[in-house]
Structures are given as structure tokens and as C-alpha cells.
Amino acid sequence: MSTPREELAQLVEELPESEVSTVLATVRAQLALAGSWPPAWFGPAETGETDVSGRVNEILAEGFGQ
């Protein structure tokens, strides 16, 4: 039994030339949607405060993230 990547490679080889550009565009669009991990906005927040983890319930009650 082949791996999914091997199966994909085989299917690409069997693809009619007339369909290559359509499939290529679809795969490129899918990869663009997937992006890379982590996204640019992902990371630690800079608050200037040192007791954030101790105040998590208070911070969430104030509406953080809404």
C-alpha cells in the first residue's frame, strides 16, 4: 500500500496535460489558504505587566478577546 504522498504523485503523473493548469491552480489556492504556522500575529502579547497569568480571570472578565 502506498502513502498518500506517493498516491498523489502517481495521480499527478496520470493527469491529462489539459488538466494540469486547473489542478495546479487549485493546489496553489489550497496552499495559500493553509498558510504557514504559526501565523504572523501568533506569539506572546506584550502588556508591560508582569502579573498577567495571575490575573487571567480578571482580564477575561474585562472582555479581553471580544
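Contacts of Arg55, leaving aside residues up to four places away in sequence, are made with Glu49 and Glu62.

Arg55 also takes part in a salt bridge, with Glu58 as its partner. The closest N and O atoms of this pair are 3.2 Å apart. The structure holds one salt bridge. The two partners fall into separate accessibility classes: Arg55 is buried at 19% relative accessibility, whereas Glu58 is partly exposed, with a relative accessible area of 43%.

## Secondary structure and overall dimensions

The protein chain contains three helices and zero strands. Along the sequence, the elements follow the pattern α-α-α. The radius of gyration of the chain is 23 Å, well over the 11 Å that the globule rule gives for 66 residues, so the chain is more spread out than a compact globule. Taken along the principal axes, the box filled by the C-alpha atoms is roughly 60 × 30 × 20 Å.

Of the 66 residues in the protein chain, 5% are buried.

## Helix 1: Leu11 and Val12

Helix 1 spans residues 4-14 and includes Val12. Leu11 has its place in helix 1 as well. Val12 counts as partly exposed because its relative accessibility is 46%, a value that lies between the limits of 20% for buried and 50% for exposed. Leu11 is likewise partly exposed, at 46% relative accessibility.

Val12 and Ser2 are ten residues apart along the chain, and their C-alpha atoms are separated by 14 Å. Leu11 and Gly43 lie 32 residues apart in sequence, with a C-alpha to C-alpha distance of 39 Å.

Helix 2 runs over residues 17-34 and contains Leu31. Leu31 is classed as exposed because its relative accessible area, 58%, is over the 50% cut-off. Together with Val23 and Val27, Leu31 forms a nonpolar patch on the surface. The accessible area of Val23, Val27 and Leu31 together is about 250 Å².

## Confidence of the prediction

The mean pLDDT of the protein chain is 84. A value of 70 or more is reached by 95% of the residues in the chain. Confidence is highest in helix 1, at a mean of 94, and lowest in helix 3, at a mean of 86.

Technical notes. Residues numbered from 1 in each chain as written. Predicted model: local features only at pLDDT ≥ 70, side-chain atom pairs only at ≥ 80, totals over all residues. Heavy atoms only, no water. Patch = residues over 30% accessible without salt bridge, like charges linked within 9 Å, V, L, I, M, F, W, Y side chains within 5 Å. Areas by Shrake-Rupley, 256 points an atom, 1.4 Å probe, with all protein chains shown as cover. Salt bridge = Lys/Arg side-chain N within 4 Å of Asp/Glu carboxyl O. Helix = DSSP H or I, 4+ residues; strand = E, 2+ residues; numbered from the N terminus. Buried < 20%, exposed > 50% of the residue type's maximum accessible area, 1.4 Å probe, protein only. Contact = heavy atoms within 4.5 Å. pLDDT = per-residue confidence, 0-100. Rg over C-alpha atoms; globule rule 2.2 N^0.38 Å.
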